[in-house]
Amino acid sequence: MRVVQLSDRMIGVTGALAFLLCVFYVLNIMRLAYVRSQRKLFLPSIVFFLMSFGVMYSLETVASERITGESLEPVSGIFKQIPFGILLILLIVSFLWGMIGWLKVGEVVQKQLTAYSLRQGLNQMPDGICFGTTDGIPLLVNEKMQAICHEAFGSGVLDTEYLKTLLIEGRISKNCEILRKEDNVNVLLRLSDGSVWDFRRVYMKYGRRQIKEYVAYNVTQTYEKGREIEKRNAHLASLNESLREYNRNLDLVTREQEILAAKIKIHDEVGKTLLAFRAYLAQPKEERERQREELISMWRFTIALLRREAAAQKKDDRMEALLQAAQAVDVRLQLDGELPASAKLSNVIFIAIHECLTNTVKHTDGDFLRITIREEATRLITEITNNGTPPREPVTESGGLGSLRKTVELNGGQMQILCLAHFVLRIELPKDTTVADRSRGIQTTQKRK
């Protein structure tokens, strides 16, 4: 069957297919021109485009002659005699070749970096990016940067220098907010949807040309985490201040409790002594002679406690107070070594001597106290012993000994209580200053007669 024998409907359908094939080839040729590695398919594609155009033109010529009734000889005479099967084969071959070229170009576009794939990649980035010349001409702006600028400044990027001016002057939409401006261009911006963007400008060189790059990073999560950390730090600072205040109050309460306990102890001892003295006066003269020494010992112990409290309040001469306390209870003191020059260390040692002096009189019936102080490397070691009866059971650190241990540990030291052949209190303190001679001639204090 020849073209002249085709029906009008068949000519119209075939001509439409040939027209669509021509459009398809135009797009395919444009893609081939864009992808340089597939230029070898460029010439065959033009040939098949011309073949498809020839088919469309022949069918259009026959259709025009039928519509107008005018003969288009000799052109129409040539196309009328072409077999329809040949035209159909040409269309099919052209379509197949066009599909081959389209698929090859698509494969290259996916595997190779081209200007088209670069633009696609930039448009898919979650951050905004813009390249422009020093004159303000935009070279490449991705879709995210356009969207950000539309919302923040009311228009897209048409001039990069104008974008710079907006950032410097802070002219943004009412629903947006500038959170931080590090310099004229680097700005932290929050949009109306709550997202936070960090605008940065970077200078680049491309050959001899200088290019400005504007980047908007999405830092919403980082910003929110930073705000959360700031709130937590403020809360922790408040808690730390509360804890410091609590510790200060706790130290004050503990000190007051210790003072109260000491006063109660003195009150009890004085009361006990007064009761014993009353009982002493109520007894016959013979009984008084036998209990006189015991009563005198009780009075001396009570007086020593009262003098110890006065010395602690006075704090002008602790060594003199220690000597007086020892004389009051008929206890000899012997100091082997030198007291430290550091007021902090000497204060700990004085507290320990006072406590051991009290316990020697009260619990062990001793009358001699020996204090040994020596240096070992970076430590200052103090050992206090007495000649009293050693304890039969482990010593319970309550009251004075418990407070002494806390004082030693607060000063970075360690305390040990040894119950061997005799009682030994051992204290190790870190040295912070050199020792000085503070013995003041108390190598021995003779027992008062």
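Visitor: Why is Asn142 called buried?
Guide: Buried means under 20% relative accessible area, exposed over 50%, and partly exposed in between, with a 1.4 Å probe and protein chains only. Asn142 has 1%, so it counts as buried. Keep in mind that this is a predicted model: local features need pLDDT of at least 70, side-chain atom pairs count only at pLDDT 80 or more, and totals for chains, interfaces and linings use all residues. Residues are numbered from 1 along each chain as its sequence is written, and side-chain values use heavy atoms, leaving out hydrogens and water.

Visitor: Which residues are in contact with Asn142, leaving aside its neighbours within four places in sequence?
Guide: Contact means heavy atoms within 4.5 Å. By that rule, Leu122, Asn123, Met125, Asp127, Gly128 and Ile129 are in contact with Asn142.

Visitor: Where is Asn142 placed?
Guide: In the loop between β2 (138–141) and α6 (143–153); helices (H or I, at least four residues) and strands (E, at least two) are DSSP runs, numbered from the N terminus.

Visitor: What makes β5 and β6 a pair?
Guide: Two strands pair if DSSP finds at least two bridges between them. β5 (residues 196–206) and β6 (residues 209–218) have 10 bridges, in the antiparallel sense, so they qualify as a pair. Within this pairing, Arg200 stands opposite Val215 in β6.

Visitor: What is the strand order in the open sheet?
Guide: The 6 strands run β2-β1-β6-β5-β4-β3, with antiparallel pairing. β2 and β3 (177–181) each have a single partner strand, so they stand at the edges.
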